[in-house]
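Let's walk through this one together, one question at a time.

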Amino acid sequence: MPTPAKSFVSAPGVGQKPYTPQVPHHVIAVAESDSFLKWAVSLFGQLPEGTRTEVVVACSPARPSASQRIAALSGTAYAGHDPEVLSPGQLTKLVDRDRPDAVLLALTGPSVHAYSEALSRCEHRPVVVTGIPGIAIPARRRAWGYRGAVDLWVVHSHREAEAYDQVRRQMGMEAQIGLATIPFLNRPADILPARELADHGNPGPGTAFEHSVNDAGTSVEPLNAVASPTRNRVLFATQGKVPRVKKDRVAILQSLARLAANRPDLEVVVKTRGAIGEFHTHHEPHHYQSLWNELVEAGEVHAPDALTFAAGSMAEQLANAVALVTVSSTAVLEAMALDIPVLLIDEFGISENLINQVFVGSGVMGGLDQLEQGDFRHPETWWLADNYFHPRSDNSWIGMLDELIEQAHAGQLPAIADGLNKSRSAKRRRLDRLRLTPVGSAVVRARVRTRQRVRDSSQALTRISSQSS
């Protein structure tokens, strides 16, 4: 049973930098969706032992459902907790009452701005921290525009640090950029041998991975297959934003079905971000399970049970996976950390909108033909070092947080209001605040669901009309 209480825990203490505050710090995280919640509580796991942490959920239309909260908190110190839901106004009361040393805004851009604006009205001045869960390339000016009032932005690779710092300097922002290992990667430092980490993995003939080829001529065989003889799943990790076009999503499902036909020894699982109708970080107008149901209804697939659909914890799905495929999802990094071969579908191009530019040169990109043949790969060693698999000793965010907290205690931090985006209109700011209230978020959720029902009804009528003509 979930614990309906505030979610205070002490961090387990696996931080990377020496960090010895005289008084244990207190950090509150505000998380907007399932992916932000998973990221925030996992990032807390990097804080030094004794740090008092607390997590609440933003009163956003994208706030996670009960099942999404359970999945996001699974395997963390917060497993079984049921975080409070707070609007920006309620957060200010909490901050002035409990006076935390730092507040982690694990939110989308507009919500970071709205909660920052609320914090600017607090009597107490905490350090304001933010970040994006998972892949955050390319760095955009718009992202900084929402987050100009933060003191520390946590990124997850040297490449991200360089890109975000370049934009920061162009825009004259004052925030610091701290490097952290993506917190939910399993033992990422073990992926590269210590020697290769020391020189950042020079490309060359010696790689950290062996490319196994099975009897069928594909690379589905996992590197550590002997460790778990029951592993037989190929996971397709969905992403709400990409690909956006319906026909592209249908093409992926059809290729997954062909893979299932070509390799009956494999279970092909579509790992969705949530059940049909659930909200998450990015609105998903075409849920994969709905599209599959349409294909089955139209008789366009060879076997209705060719694919299995699953929501819930990605970590639990990866435990039985022999390969993972996606267009762009942070889950691919989780798979790489477990030595599971992957495929990044580039059938629909490589672009900012597809969030797959960061994988160029990694050696793991391929088209739907490769998917249907089960041609999965391991990434190049040099790519790992620059992208999310750097040595833990490179991480800097905890030391930066410690210094910023000292500055906050000394009254040396600028006013939060100084960093707010002055060009964001008063009307836009009012709408942001309204969206993050109980009434406003309920209205937005109802409106989205109504639009979805109208769209589904329209598509059903179109199918019936085409079948009868």
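Q: Where is Ile 355 found?
A: Keep in mind that this is a predicted model. To place Ile 355, look at the strands on either side: β13 covers 342-345 and β14 covers 365-366. Ile 355 sits in the loop between β13 and β14.

Q: Is Ile 355 buried or exposed?
A: Check the relative accessible area, which is 15% for Ile 355. The cut-off for buried is under 20%. So Ile 355 counts as buried.

Q: What is phi of Ile 355?
A: Ile 355 is a residue other than glycine, yet its phi is positive. The value is near 55°.

Q: Which loop holds Arg 99?
A: Arg 99 has a positive phi of about 50°, although it isn't a glycine. Helix α3 takes up 88-98 and strand β5 takes up 102-106. That puts Arg 99 in the loop between α3 and β5.

Q: How does Arg 99 count in terms of accessibility?
A: Its relative accessibility is 49%. Exposed needs over 50% and buried needs under 20%, with partly exposed in between. So Arg 99 counts as partly exposed.

Q: Are α1 and α2 roughly parallel or roughly perpendicular?
A: The axes of α1 (residues 34-44) and α2 (residues 66-73) come within 8 Å and cross at roughly 30°. Angles under 35 degrees count as roughly parallel. So α1 and α2 are roughly parallel.

Q: How many residues of the contact of α1 with α2 are charged?
A: On the α1 side you'll find Asp 34, Leu 37, Lys 38 and Val 41, and they meet Gln 68, Arg 69, Ala 72 and Leu 73 of α2. Four of the contact residues are nonpolar and one is polar. The number of charged ones is three.

Q: Are α8 and α9 roughly parallel or roughly perpendicular?
A: Helix α8 (residues 246-262) packs against α9 (residues 288-297) at an angle of about 70°, with the axes 10 Å apart. The range for roughly perpendicular is 65 to 115 degrees. So α8 and α9 are roughly perpendicular.

Notes. Residues numbered from 1 in each chain as written. Predicted model: local features only at pLDDT ≥ 70, side-chain atom pairs only at ≥ 80, totals over all residues. Heavy atoms only, no water. Axes fitted to C-alpha atoms, helices over the stretch in contact; angles between N-to-C directions. Helix = DSSP H or I, 4+ residues; strand = E, 2+ residues; numbered from the N terminus. Parallel < 35°, antiparallel > 145°, perpendicular 65-115°, else oblique. Buried < 20%, exposed > 50% of the residue type's maximum accessible area, 1.4 Å probe, protein only. Contact = heavy atoms within 4.5 Å. Nonpolar A, V, L, I, M, F, W, Y, C, P; charged D, E, K, R; others polar.
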